[in-house]
Each structure stands twice: as C-alpha cells, then as structure tokens.
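Colleague: I have a structure open and would like to go through it with you. Can you put it up here?

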Amino acid sequence: MQAWQVHDNGEPSEVMRLEDVETPTPGDGQILLKVRAANINFPDALLCRGHYQVRPPLPFTPGVEICGETEDGRRVLANPALPYGGFAEYAVADAAAVLPAPEALDDAEAAALHIGYQTGWFGLHRRAGLEAGETLLVHAAAGGVGSAAVQLGKAAGARVIGVVGGADKAAVARELGCDVVIDRRAEDVIGSVKEATGGRGADVIYDPVGGEAYAQSAKVVAFEGRIVIVGFASGTIPSPALNHALVKNYSILGLHWGLYNTKNPKLIQHCHEQLTELAARGAIKPLVSERVPLSGAAAAVQKVADGVTTGRIAVVPSLENGAAA
C-alpha cells in the first residue's frame, strides 16, 4: 500500500515521503481500517516536527483522525494507533475506541467530526458549563478547532464572538454563524469585545491559540467567566497572572481531550452520541474547505502548519482515481 512516512523530524513538506510499504498487521485489540478520508490536524504538523507530546518511533505515518471502513463494510471514525497513521491507504486503530460514522455526513466531513468537535463539546459543556444566552468568544474562529466551537456554541444558544486574522477568514466566520466577527489584523480586539458586550466581557472564552490571544482573553473575560485553554497554535505558551484571576473572579480551565480515553471513555461515547444527533438535525456540519488526494497530503499538512487554512483539509485516497469523496 501507499503511505506517507516521516524518517526525520522537520517541516512536513520536507520530511513527509510517499512510499510503498507493507499493509500493517493489527495487534491485540486492534483493527485494520481502509482509509476513506483522513482529516488534517495541527498535531500532525507537530508530530512531523517532533514537538508533539506523543513521539512515535521513526519512521511513522502521521494522520491522527480518520473516517475508515471495516472489513465488513461499516463506516467508522477512529484515531489511528501510531506509527500506522491515517495518511495512507490503510491504518490501524484500537477496536474498542472505534465509533460509528454519522450517516448525515460524507467521509471527509465525518473524518473532521471527531477530535475538533469532541474537544469543543468537552471544553464548552463539560469544562466551562456554557449556558444558553451567555456570550462565547472563540479565537481563531475560522480554523478547524475554532469553527467547531462556533457551531457548538450556536447550537447551545450562545451569542458567539469570533476573532480571526484577515478579511477572508472574517467572511468564513460570518458564514459559520458568528454574531460578531473581529479581525485582529484590522481591529482592536480588546476594545471591540468590550464594545460588543457593553463593557461586560465574554462569559466563556475558547482559546486554541495562546500567546497574545490569551493576554487579550484575560482582559475581556466577564465576572465569573471561564477561559478554556485548548492549545497553543501560536507557538507561545502564556504564563497566567493568578493574582489577576483572583481579583477579576474568573476561572482558567485546561482541556486535554485525549485524557478522557483513559480516564472516562464512556464520556467520549456520550459526546459522540450528542454530536451525531446535532449533525443529523443540521445544527453542526464540519467545514471542509478542501479535499486533496493522498499524493497531496504533505503540502496540505504544511498549509495547516503555516496557519493559512480555514476549516479543515481532508485527505481522500479515492480522489487519486477520480472517485467522489
């Protein structure tokens, strides 16, 4: 089969190589899946660079989120078990963690439903307790992680403020349903949020960026507000001033979604049921901005690494043969 292999750590476009390799053999408790679509996540770029918290042995195939097909023809969602990741014709996954793909979504959309939307659901509902009528601020609102949080926030009845970088991304954020869109390149984020909230600030802030975005969050969080820390796409990990959190009476909440796989996997199943229901009634639908063939995976991962994408890019192996995604 064909698979992208990383033999040395570095930038995805430089270290990913498309090679002919042996089809992997599943271990105990694992299952072999034909890859129907693989969603690209920022962790795939971090894996290539050797900067992710998980460091599989070299060589490995990146691709942490797929819609796959079992030997008996079922469509499923899975997080492949590295080193046999999703940017390949076949991947390996833990059988116990495989979830049914929602019928309302095509392969590429289904592949993008899992990590980003589970993270959004846990962050907004499990950690922050977002309530209808509250104001939700989402950083990087047009990106893969942010767009999921925007849709989930709207589905929960929140007023959503989206912060983006650039006019094109602002247009995407509006299409996603943001009630207020702030272009951080052209507007003052802090002043704009205060104006949009009558000086009160945002009840829940969803931050996958870190760095300057976190500094802005601390200045616009409302009384008894909650800042949910999801990641550090900016590359800068902030050092919160805890005295500030005390004086302003807000909470800083960490979210490492992967921990639920070991600490409370039943919650992941429950979350998937909620997401499937939301997808069935059209309340959420992953924004897949581009579908690329397997041969285009390295360039696509680099685009995600460079932060120039909106929504999600999905790698669809069948596109090599001109088939529909």
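Colleague: At what angle do the axes of helix H7 and helix H8 cross?

Modeller: The axes of H7 (residues 189-196) and H8 (residues 212-220) cross at roughly 35° and come within 10 Å. Axes here are lines fitted to C-alpha atoms, for helices over the stretch in contact, and angles run from 0 to 180 degrees between N-to-C directions. This is a predicted model, where local features need pLDDT of at least 70, side-chain atom pairs count only at pLDDT 80 or more, and totals for chains, interfaces and linings use all residues. Residues are numbered from 1 along each chain as its sequence is written, and side-chain values use heavy atoms, with hydrogens and water left out.

Colleague: Is the crossing of H7 and H8 left-handed or right-handed?

Modeller: H7 passes H8 in a right-handed crossing. Right-handed means that the near helix is turned clockwise from the far one by less than a right angle, and left-handed means anticlockwise.

Colleague: Which residues meet there, in H7 and in H8?

Modeller: From H7 they are Val189, Ile190, Val193 and Lys194, and from H8 they are Gln216, Lys219 and Val220. Contact means heavy atoms within 4.5 Å. The residues of this contact divide into four nonpolar, one polar and two charged. Ala, Val, Leu, Ile, Met, Phe, Trp, Tyr, Cys and Pro count as nonpolar, Asp, Glu, Lys and Arg as charged, and the others, Gly among them, as polar.

Colleague: How many helices and strands does the protein have?

Modeller: There are 12 helices and 15 strands. They are DSSP runs, numbered from the N terminus: H or I with at least four residues for helices, E with at least two for strands.

Colleague: Now H4. How many of its residues are buried?

Modeller: In H4 (residues 115-127), 10 of the 13 residues are buried, so the helix is largely enclosed by the rest of the structure. Buried means under 20% relative accessible area, exposed means over 50%, and partly exposed is in between (1.4 Å probe, protein chains only). Among the buried ones are Tyr117, Trp121, Phe122 and Leu124.

Colleague: What comes just after H4?

Modeller: Gly129, which takes a positive phi of about 60°.

Colleague: Where does Val204 lie, and which residues does it touch?

Modeller: Val204 lies in strand S11 (residues 202-207). Its relative accessible area is 0%, so Val204 is buried. Leaving out residues up to four places away in sequence, Val204 touches Leu124, Ala128, Leu130, Glu134, Thr135, Leu136, Leu137, Arg226 and Val228. One of these, Leu124, is among the buried residues of H4.

Colleague: And Asp183, where is its place?

Modeller: Asp183 is in strand S10 (residues 180-183). With a relative accessible area of 11%, Asp183 is buried. Not counting residues up to four places away in sequence, Asp183 touches Val164, Gly165, Gly166 and Ala167. Asp183 and Gly162 are 21 residues apart in sequence and 8.5 Å apart in space, C-alpha to C-alpha.

Colleague: How far apart in space are Ala37 and Pro56?

Modeller: They are 22 Å apart, C-alpha to C-alpha, and 19 residues apart in sequence. Ala37 belongs to strand S3 (residues 30-39).
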